[in-house]
Amino acid sequence: AAPALGTQGTLTDGGAIGALVMGDGTNWNCAEAKSLKVIIVTCPPYHARGDGVTDDRAALNTANTAATTTGTLVLPRGTYKISSNLTLSAAVQFANGAVLSPDAAVVVTITGPFTAGQHQIFTTGAGTISFAGGKVRELIPQWWGANGADGTSDTTAIQAAIDAAAGAVFANGRLPIFLPTGLYQTTAPLV
């Protein structure tokens, strides 16, 4: 049996479309997730591919609508290409390896709460990730691919976090950026 939502661990890919293995070793399949009010975007009827090639915008939008009224939207490992503007208003949980990849000039707006570890969940350089609604407390550059550990440049990822924070719409001020412990290398000025 799947654990209750409040006790879930880190999500990892279960090796099959729509299957997830929880941090405590239990498995979720599409039917179990549905009974727990968890919307897994790769499950029927959403069928997001997460292959980085197929446009997953329609699947994510439909799953977001369902999750807004019934539960949490879960993105398993994969790269979710988005070819037109999208707003995610439901609670979203990113598995390790789940990445949103908006095309050039595309804006993905996150207005609901979301959960992600210290791993990349957004691509850099093409589209834009924006935040509104005050549900996100802070941003970390790791979500855009910063490493903070291996001596490679983190400039692009840190700048993407700064840009997202600067564009965030919140009644109580700016969205802070948190740098987890590490050694961050920049090779250009941050603005």
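I began with the elements and counted 3 helices and 13 strands in the protein. I note at the start that this is a predicted model.

**Whole chain.** I looked up burial next. Of the 191 residues in the protein, 43% are buried. The protein exposes about 9000 Å². Carbon and sulfur atoms supply 53% of that area. I also checked how far along the sequence the contacts reach. I took the contacts between residues at least 6 apart in sequence, and 44% of them join residues at least 24 apart.

Which strands form the open sheet, and in what order? I found 3 strands, in the order β5-β7-β10. Their pairing is parallel. I then asked why one side of β5 and of β10 is left without a neighbour in the sheet. β5 (51-55) and β10 (98-102) stand at the edges and each has a single partner strand, so one side of each has no neighbour there.

**One pairing.** I followed β7, residues 78-82, to its partner β10. The two pair in the parallel sense over 5 bridges. Which residue in β10 is the bridge partner of Lys81? I found Ser101.

Notes. Residues are numbered from 1 along each chain as its sequence is written. This is a predicted model: local features need pLDDT of at least 70, side-chain atom pairs count only at pLDDT 80 or more; totals for chains, interfaces and linings use all residues. Side-chain values use heavy atoms; hydrogens and water are left out. Helices (H or I, at least four residues) and strands (E, at least two) are DSSP runs, numbered from the N terminus. Buried means under 20% relative accessible area, exposed over 50%, partly exposed in between (1.4 Å probe, protein chains only). Contact means heavy atoms within 4.5 Å. Accessible areas come from the Shrake-Rupley method with a 1.4 Å probe; for residues, only the protein chains shown count as cover. Two strands pair if DSSP finds at least two bridges between them.
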